[in-house]
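Please open your viewer and have the selection tool ready.

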Amino acid sequence: MEINGNRVRLRLTGETIDVNYYDGSKPATKLSVDVWFDHNRDRGRSMS
């Protein structure tokens, strides 16, 4: 969503069913996460 220097902002949204009411009798639960990540070159991580 946004980049500010060494920081990146990310927003994730989604919906899921309530595990106690999986029969559809309750509306979906809406989830939202809005987070900033800081880039730190000293950590040196990679994915393989």
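Is D38 buried or exposed? Select D38: with 53% relative accessibility, this residue counts as exposed (buried is under 20% relative accessible area, exposed over 50%, partly exposed in between, using a 1.4 Å probe and protein chains only).

A word on the ground rules before moving on. This is a predicted model, where local features need pLDDT of at least 70 and side-chain atom pairs count only at pLDDT 80 or more, while totals for chains, interfaces and linings use all residues. Residues are numbered from 1 along each chain as its sequence is written, and side-chain values use heavy atoms, leaving out hydrogens and water.

R7 is partly exposed at 34%.

Now go to D34, which is partly exposed at 40% relative accessibility. Show R9 too: its salt bridge with D34 has the closest N and O atoms 2.6 Å apart. This pair also links β3 and β2, 25 residues apart. R9 counts as buried, at 19%.

Keep D34 and pick R11, another salt-bridge partner, at 3.3 Å. D34 lies in β3 and R11 in β2, so this contact ties together parts 23 residues apart in sequence.

Finally, select E2, R9, R11 and D34 together to see a salt-bridge network. The whole structure holds 4 salt bridges.

Conventions. Salt bridge = Lys/Arg side-chain N within 4 Å of Asp/Glu carboxyl O. Helix = DSSP H or I, 4+ residues; strand = E, 2+ residues; numbered from the N terminus.
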